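Colleague: I'd like to learn how to read a model like this one. Could you walk me through it?

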Amino acid sequence: MTGAGHSDQARGLALVGGRVLDPGRGLDTTATVSVAGGLIEGVGDGDGDGAGRRRIDVTGRLVTPGLVDLHTHLYPGVSHYGIEPDEHCLGRGVTTAVDAGSAGAQTFPGLRRYVIERSRTSILAFLNIAVEGMISTLVGELEDIRWASPEQAVARAREHPDLIVGIKVRLGHQMAGDDPGPAFRLAREAADRLGLPLMVHVIDLRPGLAWLLPRLNRGDIVTHCFHGGEGGILDPAGAVLPAAVSARERGVLFDVGHGAGSFAYRVARRAIAQDFPPDTISSDLHAHNAAGPVFDQATTLSKLLHVGMTLEDVIRATTSTPALAIGRGASTGALTAGGVADLSVFELRTGHWALPDAAGVTETVEQLLVPTVVVRAGQVCAIQPPAVGLQATETGS
Ligand SMILES: [Zn+2]
């Protein structure tokens, strides 16, 4: 990424005059965020002058903890889904991106060595229960259950506790066949032995969500929760499944995971109207949706604003809540004095943008979160231009 080298970390930084919003800590105030030595020094009423630090005027803009995107695919060259993290995540306001199962036990060391250690984006990972991860569209990773190995997953996660935050399993019939039971049980075993959350992909799950939900425990994550296909979160009359309500009461988390086919405005709007918003908002950004319909995490957040969430709830769902979900609540997704200075700055623009969901429906969104500054460990990093398709959708104000 271009920028001023590491001079910001040495000089310090002050983001002055913005609306500082950290719902996880009950913070919503116009203030200056000061940064020194790569850490957050404080949130206060100073004007940022003095001490020779770099001063950035963010008046009229929104300053949040660096965004966390709980579901991405960041293993280009190995997984057909892979995209470049710094271009698509950090450059669009996401400082912490979680890879959702692109790598399994056998392919994770390469993800660490060739992607995570070479990226400025902070990257963590759910480890696929299939040892090969998500390599090809030709064969589902669990069509042959011999690919699933709790032993190898547990051993690999214990080798990399700094990066592996949970286990991922995809239970769609394309990946696991018509009976997801065996794949689920092996993933459950690995997650339980590790004491880590299990993230479950629920699209095209043949027995439906009502089968899965009683098998999930506190901290487990249902991703693609607002998909528009059969077996989803709504019953045929449009009511949220009672099993989903009771799973949430037990502490199961519901994650958006927008993706190329996993988010329907209709389902999201109905669920939110029944007081069932997502716990976490993630993009499922990958090579087949970064040019639309997903574009990036900020655009995904804008869609959730559009279907009825408040700005505070949207920001919480991409900062403190996902950080807690991966056991990083103290250090990530928070504006805490002494914590690593990961910060995102947005304009909340009003206008008209024609944005597609992932179910073939385009709606006109009237508020768009646009990243304008991103700070990773105290260093200002370059914002990348939005995807071409997103630039083209503004239809005037
Ligand atoms: Zn995914």
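Colleague: What share of the 397 residues in the chain is buried?

Modeller: A residue counts as buried if 20 or more other C-beta atoms lie within 10 Å of its own, as exposed if 12 or fewer do, and as partly exposed in between, with C-beta atoms placed from the backbone. Here, buried residues are 55% of the 397 in the chain. Do keep in mind that this is a predicted model, where local features need pLDDT of at least 70, side-chain atom pairs count only at pLDDT 80 or more, and totals for chains, interfaces and linings use all residues. Residues are numbered from 1 along each chain as its sequence is written.

Colleague: Which strands pair with E10?

Modeller: Two strands pair if DSSP finds at least two bridges between them. Strand E9 (residues 164-170) pairs with E10 in the parallel sense over four bridges, and Ile167 has Leu198 in E10 as its bridge partner. E10 also pairs in the parallel sense with strand E11 (residues 221-223), over three bridges. There, His201 stands opposite Thr223 of E11.

Colleague: How is the chain divided into domains?

Modeller: Domain bounds come from an automatic or database domain assignment. Domain 1 covers 7-64 + 336-348 + 365-391, and domain 2 covers 66-325. Their C-alpha centres lie 28 Å apart.

Colleague: How many residues of each domain are in contact with the other?

Modeller: Two residues are in contact if their C-beta atoms, placed from the backbone, lie within 7 Å. By that rule, 27 residues of domain 1 are in contact with 26 residues of domain 2. On the side of domain 1 that touches domain 2, E14 gives the most, with eight residues.

Colleague: Why does the radius of gyration agree with a compact globule?

Modeller: The radius of gyration is taken over C-alpha atoms, and the globule rule is 2.2 Å times the number of residues to the power 0.38. For 397 residues, a compact globule would have a value near 21 Å, and the chain has 20 Å, so the two agree. The C-alpha trace spans about 65 × 45 × 40 Å along its principal axes.

Key: Helix = DSSP H or I, 4+ residues; strand = E, 2+ residues; numbered from the N terminus.
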